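This briefing is for a reader new to the structure shown below. The notes that follow are grouped by topic.

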Amino acid sequence: MSTLPLTSTPTLTPTPIPAASPPEAGTTPSAPLIVLLAASAGLGAASLYYSQPILAPLAEDLHASTGGIGAVPMLTQLGYAAGILLLTPLGDRFDRRRVILTKFVLLIATLLMSGFAPGFAPFLVASALLGLTATLAQDVVPMAAALSPAEHRGRIVGQVMTGLLLGILLSRVMSGVIADLLGWRWVYGLAALALTVAGLASWRWLPSSPPAMRTTYGGLLRSLGGLWRAWPTLRRAAIAQALLAVAFSAFWSTLAVMLHARFGLGSAVSGAFGLA
């Protein structure tokens with residue numbers, strides 16, 4: 001599934017730098033900080049899936065065809081893939097706190113752009129940008145690992161991943177219910193509000209995380225090729241997850257439209273399938 005976080009690690013090309021440890025290094029992060037990281041990861045990942053249960057009302061309101069509305073989840077997932085490739089490696093080069101806060105701002109902006117989109121074409125652009133900036137979770141999970149002592153790292157990362165997976169699950173349920181009760185634009189407005197709260201909390205309490213290496217942006221991207229060549233296990237995992245992501249997205253991208261067209265069921269019912 002494309003939602004599992006992937007982040008680049010150093011190869012021979014970048015030069016590691018002996019940066020000072022953040023203040024929290026060597027001590028277990030506090031419970032509130034773990035909850036904040038889990039919530040941030042969940043809200044970031046949830047942004048990818050808000051549109052899937054509400055494709056039918058989106059098509060009606062934005063005057064899109066049944067075939068055309070399928071471009072919304074497609075562009076979101078393509079933007080997400082591009083963000084993982086092009087933006088996630090920045091966490092190795094810059095203070096991850098700055099990267100996370102920047103993505104908070106950009107993701108909130110794209111959610112608002114989606115909610116206020118005046119037509120179908122602007123909504124498609126916003127959907128692609130939404131996928132690009134929703135890679136926030138791919139920075140939060142490595143941040144949790146960096147802040148955790150080795151003996152507790154697995155447990156803490158697991159807790160943050162639980163938040164991420166709950167975001168994936170509950171995003172469809174909440175999106176469908178909110179769209180039925182208030183309209184689909186409120187889905188994006190309320191999501192932006194929730195991210196604003198999490199972003200402000202992160203600005204207040206998230207510690208700095210010194211960069212892991214000194215290299216250029218091009219060097220970071222080239223290092224991905226080195227990782228691909230060096231690790232057969234990574235290649236197998238990436239291919240398997242890509243195939244799972246295609247099947248996963250294809251199912252969800254057609255379910256809501258089919259339920260509406262064939263059975264007259266609304267967004268809330270489509271979203272409830274996420275509980276299964």
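The model is predicted: local features need pLDDT of at least 70, side-chain atom pairs count only at pLDDT 80 or more, and totals for chains, interfaces and linings use all residues. Residues are numbered from 1 along each chain as its sequence is written, and side-chain values use heavy atoms, with hydrogens and water left out.

**Contacts between the domains**

- Four residue pairs, both at pLDDT 80 or more, are in polar contact between domain 1 and domain 2 (a pair of N or O atoms within 3.5 Å; within protein, one must be able to donate a hydrogen and the other to accept it, and residues adjacent in sequence count only if both atoms are side-chain atoms).
- On domain 1, the side that touches domain 2 takes at least two residues from each of α2 (55–62), α3 (66–69), α4 (71–86) and α8 (150–182); helices are DSSP runs of H or I with at least four residues, strands are runs of E with at least two, and both are numbered from the N terminus.
- With seven residues, α8 gives the most to this side of domain 1.
- Zero salt bridges are counted between domain 1 and domain 2 (a side-chain nitrogen of Lys or Arg within 4 Å of a carboxyl oxygen of Asp or Glu).
- In all, 19 residues of domain 1 are in contact with 14 residues of domain 2, where contact means heavy atoms within 4.5 Å.

**Domain layout**

- Domain 1 covers 31–214 and domain 2 covers 231–275, with bounds from an automatic or database domain assignment.
- Their C-alpha centres lie 17 Å apart.

**Salt bridges**

- The structure holds four salt bridges.
- In one of them, Asp61 pairs with Arg185, the closest N and O atoms being 3.7 Å apart.
- Asp61 is in helix α2 and Arg185 in helix α9 (residues 184–205), so this pair ties together parts 124 residues apart in sequence.

**Record annotations**

- An unreviewed UniProt entry places "transmembrane region" at several spans, including 62–87 and 238–261; such annotations may be inferred rather than shown by experiment.
- Residues 62–87 are 81% helix and 0% strand, with end C-alpha atoms 30 Å apart.
- Residues 238–261 are 100% helix and 0% strand, with end C-alpha atoms 35 Å apart.
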